[in-house]
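Colleague: I have a model open and would like to go through it with you. Can we start with the strands and then move on to the packing?

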Amino acid sequence: MHNLWIPVVAIFVVAGLIFGGQAYSEAQRDAHIAETIAKRLDSQALVEISHLRQVNKGYGVCGDYALSGAESGRFYYNSNTKRLALGTDAPLYRDNCKRGSY
């Protein structure tokens, strides 16, 4: 009976590491996107991002951003090329975030 617990515990530990690492990675990506938006807008204000959805097989992220008490808008970020597009008029946003492309 003791020999059965070792593989079961090992499976749960590995699963926890995999899913925990993925959640940590997404949190880092989100923080990087918020920081990049703040730099692009030349703002020291806190940027909140929301309504995120992955596009382009997970390489791109579309969503909304809002500066603390100020402007808001939409963005597209390509995590592979590190390119950021702000606003729905930006060609990268139109090409990647319109309803049919995700």
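Colleague: Which residue stands opposite Phe 75 in β4?

Modeller: Leu 86 stands opposite Phe 75. Keep in mind that this is a predicted model.

Colleague: And what is the bridge partner of Tyr 77 in β4?

Modeller: Tyr 77 has Leu 84 as its bridge partner.

Colleague: How many bridges join β3 to β4, and do they run parallel or antiparallel?

Modeller: There are 4 bridges between β3, residues 72-78, and β4, residues 83-86, and the two strands run antiparallel. They form a hairpin with 4 residues between them. In the turn, Lys 82 has a positive phi of about 65°.

Colleague: What order do the strands take in the sheet?

Modeller: The order is β1-β2-β3-β4, in an open sheet of 4 strands with antiparallel pairing. The edge strands are β1, residues 47-55, and β4, each of which pairs on one side only. From one strand to the next, the twist averages 25°.

Colleague: Stepping back, what is the pattern along the sequence?

Modeller: The protein reads α-β-β-β-β-α, with 2 helices and 4 strands.

Colleague: Change of topic. Which residues make up the largest nonpolar core?

Modeller: That core has 11 residues. Among them are Ile 33, Ala 34, Ile 37 and Ala 38, along with Val 47, Val 61, Tyr 65 and Leu 67.

Colleague: What is Val 47 in contact with, leaving aside its neighbours within four places in sequence?

Modeller: Val 47 contacts Ala 34, Ile 37 and Ala 38, and also Tyr 65, Ala 66 and Leu 67.

Colleague: Now Asp 64. Where does that one lie?

Modeller: Asp 64 lies in strand β2.

Colleague: Buried or exposed?

Modeller: Asp 64 counts as buried because its relative accessibility is 17%, and the cut-off for buried is under 20%.

Colleague: With which side chains does the side chain of Asp 64 make a polar contact?

Modeller: One is the side chain of His 51, at 2.9 Å. Another is the side chain of Arg 74, at 3.4 Å.

Colleague: Which residues does Asp 64 touch, not counting those up to four places away in sequence?

Modeller: Asp 64 touches Glu 48, Ile 49, Ser 50 and His 51, and also Gly 73, Arg 74 and Phe 75.

Colleague: What about Gln 44, buried or exposed?

Modeller: Gln 44 is exposed because its relative accessible area is 83%, and exposed means over 50%. Gln 44 is found in the loop between α1, residues 2-40, and β1. Its C-alpha atom is separated by 9.3 Å from that of Leu 67, which is 23 residues apart from Gln 44 along the chain.

Colleague: Last, some totals. What share of the residues counts as buried?

Modeller: Of the 102 residues, 25% count as buried. The accessible surface comes to about 7,200 Å², with 57% of that belonging to carbon and sulfur atoms.

Conventions:
Residues are numbered from 1 along each chain as its sequence is written. This is a predicted model: local features need pLDDT of at least 70, side-chain atom pairs count only at pLDDT 80 or more; totals for chains, interfaces and linings use all residues. Side-chain values use heavy atoms; hydrogens and water are left out. Two strands pair if DSSP finds at least two bridges between them. Axes are lines fitted to C-alpha atoms, for helices over the stretch in contact, and angles run from 0 to 180 degrees between N-to-C directions. Buried means under 20% relative accessible area, exposed over 50%, partly exposed in between (1.4 Å probe, protein chains only). A nonpolar core is a set of buried Ala, Val, Leu, Ile, Met, Phe, Trp, Tyr and Cys residues joined through side-chain atoms within 4.5 Å. Contact means heavy atoms within 4.5 Å. Accessible areas come from the Shrake-Rupley method with a 1.4 Å probe; for residues, only the protein chains shown count as cover. A polar contact is a pair of N or O atoms within 3.5 Å; within protein, one must be able to donate a hydrogen and the other to accept it, and residues adjacent in sequence count only if both atoms are side-chain atoms.
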